[in-house]
Amino acid sequence: MSGERVVAGVDGTDAALRAAGWAARQSVAWGLPLRLVHGLRWPLYEQVHLHQPVDVAGEEAMRQWARDVLDEVARRCRAAGAADVRAEVVPGDPADVLAREAEHAAFVVVGHADGGGVTRALLGSTSAQLVQACTRPVVIVRAEATAERGGPVVVGVDGSPVDGPAVRFAHEFADRVGAGVVVVHASDEGVHPAGVEADLADCARRHPGVRARLEVVTGAPVDALLAAARDARLVVVGSHGAGVVRRALFGSVGHSVVDRATCPVAVLPPHAAP
């Protein structure tokens, strides 16, 4: 599932700045270029975005503001150790722009909207749309999830088709950063999800240096994942496709994990590239 770069969405918010810093550190660990992208919506952007300068009067002024924001974020990413950083303002809806830019990426990174009101609605909408449109993992970074940890990569499985891509991404990420993998399945019956042993065997061949274990626990999936993720570097969850993307991110396991985990959360789209 590796790609040619790490992509981070930048929109002038503190959430995006934190996410870009995390993306910069991962680009170093993966040995990949970092691409910072600002999707410029006009004129809708001017009407609803809360972090723009109040005296912006035209598209070119907004574009210059966005370039200035990107230049500052790029400077900070280079200071964090990322040597190959490119930044670009791209016209279009942010989710669509990021999905296109992520086609050849290892993963795409966005910030979590910790606030309320319009800002949360906009950033939350971008994340949900991105998961629907993107073929690569979407990593969502919360404010308290920016510190690097030495724990494992935790991945939740439930017997669905997205388990395989999620387990493979977890192993590749772990291999790049020198971590182990914990695969978590919550089941009242205590049975292993179908296919997970084969996925783990395949990953063991691909990533022999990664130590992995499967934990089958009883109880709610959200509680099981959050308990396993207390010291994790990353949590990986899957989205199950059209019709349930909203539940996956906004009202079910994925949403609760994104909102409550104290580490970044990678959401695997149902059509994630292998």
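**Reading aromatic pairs and a helix**

A search of this structure, a predicted model, finds 8 aromatic pairs across the whole of it.

Me: What counts as an aromatic pair, and how is the pair of W22 and F173 arranged?

Reply: Rings of Phe, Tyr and Trp (its six-membered ring) pair if their centres lie within 6.5 Å; planes under 30 degrees apart count as stacked, over 60 as edge-to-face and the rest as tilted. W22 and F173 are stacked, at 6.1 Å centre to centre with 10° between the planes. W22 belongs to helix α1 (residues 14-30) and F173 to helix α6, 151 residues apart, so the pair links distant parts of the chain. Helices here are DSSP runs of H or I with at least four residues, numbered from the N terminus.

Me: Is W22 buried or exposed?

Reply: Buried means under 20% relative accessible area, exposed over 50%, partly exposed in between (1.4 Å probe, protein chains only). W22 has 2% and is buried; F173, at 1%, is buried too.

Me: Why is the pair of F169 and F173 called tilted?

Reply: Their ring centres are 6.1 Å apart and their planes meet at 55°, so the pair is tilted. F169 and F173 sit 4 residues apart in α6, about one turn of the helix. Ring pairs join W22, W30, F107, F169 and F173 into a cluster.

Me: How many residues of α6 are buried?

Reply: 12 of its 15 residues are buried, including G164, H171 and V177. After α6 comes G178, with a positive phi near 75°.

Numbering starts from 1 along each chain as its sequence is written. Local features need pLDDT of at least 70, side-chain atom pairs count only at pLDDT 80 or more, totals for chains, interfaces and linings use all residues, and side-chain values use heavy atoms, leaving out hydrogens and water.

Terms used:
Helix = DSSP H or I, 4+ residues; strand = E, 2+ residues; numbered from the N terminus.
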